[in-house]
Amino acid sequence: MTAGGRMYRDLGHREGAGWLAGMSTGQAVTVGAGCVPPVVAVAAGRWSTAFGWALVAGVVWVLTTVPIRGRPAVYWLVDLGMFTTGVLMNWSRWQSRAAAGQAADPAVADLPGVLSRFRFHDGPPLANHRLCVIQDTVDGRWAITGRLTHSGVAMASPAERDGLAEQLGTMLIGVAHREVIDRVSLLVRTVPDDGTDYLVWREQHQVDTAPELTRRIAAEIDRDVAAASVRTELFVTVAGTEHSLRRAAKAAGGGVAGRSYALYRVLDGVADALRGLGVTEVTWLTSAAVAEAVRTGFNPAAAAHLRHQQLTRPDRAGRLPWSMAGPVLAPAPAARSYAHDGFATVAYAVQPPVGGTEFGSLGPLLAVRRAGERRSLQIHYEVLDPSHARRHVSRTRFRDTLIADLKATRGFGTTVADQQRRAGGHAHEAAVAAGHALVRYTIAAATTVPADWADWGVEDAAAGIENDASGRFGLLRLELAQDAAFVAACLPVGYGLPGLPQRRWQR
């Protein structure tokens, strides 16, 4: 990030990059094993056999190292095999137990796919509420989700955006120096506004003696305006590892309650940092509120009923059981989209441009193309603690410098990318030494439309979001993993930043 223009740049420091031509350890071992037979054949003087093994080694090298849309070909083959097996064995098809009349406990979450790894606990009381504590049983993480109120940055001046960017960096630095949490996920989700709030208000304030012509004109205006209205909802999820929570949780009594208390102690600090970003209100969610957020993520049409219930029956609001939070029916996901409860979603990984981008430039990805469409954008940040950050930047700087020096001494030409990586390695090390944080991040975006739109289907919606990103960002469609990508882009549960080699490190 430059000091003058607040420009966020991708300096090419790929996570998991190896020493040998950027190959990981597994790739290097595979390529090396493929080269052994032709070398042995040449040593024995069997040239025809060596030629055949050389062709095999070339195929192994291409399949292992040449990336195709973000993944080597061998990964595509493995993923395709697993995807096809799941579809043929009917493992990927989903139906809610509640819809089938088999829900034994309404408080137990019944969710498909990667969501089955999560457990949703009621934490101990905090300000007369029991917050929802989200447990990831696979990664060993604990998280709490909150709903945010923010006016947006679309109308902010460049100076105001620079100030918000500085506050974001300050918040991440604060997270780096906390022992409990290390991840922050920010979700922005548009909601097709069906006018529920306005209709309830009209019902309560309707004047029976109003002229008929006035009623018809008002109804026509309401219908035209509601068709193009869109609301926006924001969520934040803060998470920490089991290892970082263990000591504080043990001091607080252990178990779920102890881990909850450990997370509760950092919520005020996170809320204060978010207010510095322009957030006017932070509401930490109970289990019923998180269940509603998950339910409306799968079925945007359910938001109208839930909102109407909140306005007309506040005594019954906020009681959605976890057994009804998931989709009623989700067929086996297609390779390029995910169908759920009569809706279809296409999800992408967002790749920042090489030239850099400014704070707030992701806004066009949330611009809906047609009434009824929903756009979602979620940014996942993971902040390394200072000691790990120093070790990482030191190793990265040493590797990039050594590779550049070896190329220079052996007479190989040094590319501009090599020079940028070398300079970036030194800059990162200097920044971390000065107290800045090292952040691991990923961005997921998605578009959701009703599956029965014959004249404007999911592929047209996908083309719309791709057009909005053209020239600004690169979108990598997460094929063969659309169900998991949907969770990463649309649901506020903190899922979306696994330890994959495609992730990048950036200050």
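Student: How do the axes of helix α7 and α8 cross?
Tutor: This is a predicted model. In it, the axes of helix α7 (residues 242-251) and α8 come within 8 Å and cross at roughly 100°.
Student: What does that make them relative to each other, α7 and α8?
Tutor: Angles from 65 to 115 degrees count as roughly perpendicular, and α7 and α8 are therefore roughly perpendicular to each other.
Student: Which residues meet there, between α7 and α8?
Tutor: From α7 there are Glu242, Leu245, Ala248 and Ala249. They meet Gly258, Arg259, Ala262, Leu263 and Arg265 in α8.
Student: And how many of the residues in that contact of α7 with α8 are nonpolar, polar or charged?
Tutor: The contact of α7 with α8 has 5 nonpolar residues, 1 polar and 3 charged.
Student: Let us take another pair. How do the axes of helix α1 and helix α2 cross?
Tutor: Helix α1 covers residues 25-43 and helix α2 covers residues 47-65. Their axes come within 7 Å and cross at roughly 170°. That makes α1 roughly antiparallel to α2, because angles over 145 degrees are counted that way.
Student: Which residues make the contact between α1 and α2?
Tutor: On the α1 side, they include Gln27, Thr30, Val31, Pro37, Pro38 and Val42. On the α2 side, Trp47, Ala50, Trp53, Ala57 and Trp61 are among them.
Student: How many charged residues does the contact of α1 with α2 have?
Tutor: The contact of α1 with α2 has no charged residues; it has 13 nonpolar and 6 polar ones.
Student: You mentioned Val42. What is Val42 in contact with, apart from its close sequence neighbours?
Tutor: Leaving aside residues within four places in sequence, Val42 is in contact with Trp47 and Ala50. Val42 is in helix α1 and is partly exposed, with a relative accessible area of 38%.
Student: New topic: the inside. Which residues touch the most other members of the largest nonpolar core?
Tutor: Leu274 and Trp284 do, in a core of 60 residues. Helix α8, residues 255-275, gives the most to this core, with 8 residues.
Student: What does Trp284 touch, then?
Tutor: Beyond its neighbours within four places in sequence, Trp284 is in contact with Leu131, Ile144, Thr145, Gly146, Val236, Val238, Leu267 and Val270.
Student: Where else is there a core, and how many residues are in it?
Tutor: A second, separate core has 36 residues, including Leu115, Ala291, Phe298 and Val493. As a general point, nonpolar side chains tend to be buried together in soluble globular proteins.
Student: Is helix α14 mostly enclosed or open?
Tutor: Helix α14 (residues 482-490) is largely enclosed by the rest of the structure, because 8 of its 9 residues are buried. Among the buried ones are Gln482, Phe486, Val487 and Cys490.
Student: Speaking of Cys490, how are Leu187 and Cys490 placed?
Tutor: Leu187 and Cys490 are 303 residues apart along the chain, while their C-alpha atoms are separated by 7.4 Å. Leu187 is in strand β8, residues 183-192. At 1% relative accessibility, Leu187 counts as buried. Its contacts, leaving aside neighbours within four places in sequence, include Leu234, Phe235, Ala489, Cys490 and Leu491.
Student: How far apart are the C-alpha atoms of Arg141 and Arg183?
Tutor: The C-alpha atoms of Arg141 and Arg183 are separated by 9.8 Å, and the two residues are 42 apart along the chain.
Student: Now the loops. What phi does Asn128 have?
Tutor: Asn128 has a positive phi of about 70° although it is not a glycine. Asn128 is in the loop between β5 and β6 and is exposed, at 81% relative accessible area.
Student: And Asp341: is Asp341 buried or exposed?
Tutor: Asp341 counts as buried, at 15% relative accessibility. Asp341 lies in the loop between β12 and β13, and its phi is positive too, at about 50°.
Student: To finish, how many helices and strands are in the chain?
Tutor: The chain has 14 helices and 18 strands. Of its 507 residues, 43% count as buried.

Technical notes:
Residues numbered from 1 in each chain as written. Predicted model: local features only at pLDDT ≥ 70, side-chain atom pairs only at ≥ 80, totals over all residues. Heavy atoms only, no water. Core = buried A, V, L, I, M, F, W, Y, C linked by side-chain atoms within 4.5 Å. Buried < 20%, exposed > 50% of the residue type's maximum accessible area, 1.4 Å probe, protein only. Helix = DSSP H or I, 4+ residues; strand = E, 2+ residues; numbered from the N terminus. Contact = heavy atoms within 4.5 Å. Axes fitted to C-alpha atoms, helices over the stretch in contact; angles between N-to-C directions. Parallel < 35°, antiparallel > 145°, perpendicular 65-115°, else oblique. Nonpolar A, V, L, I, M, F, W, Y, C, P; charged D, E, K, R; others polar.
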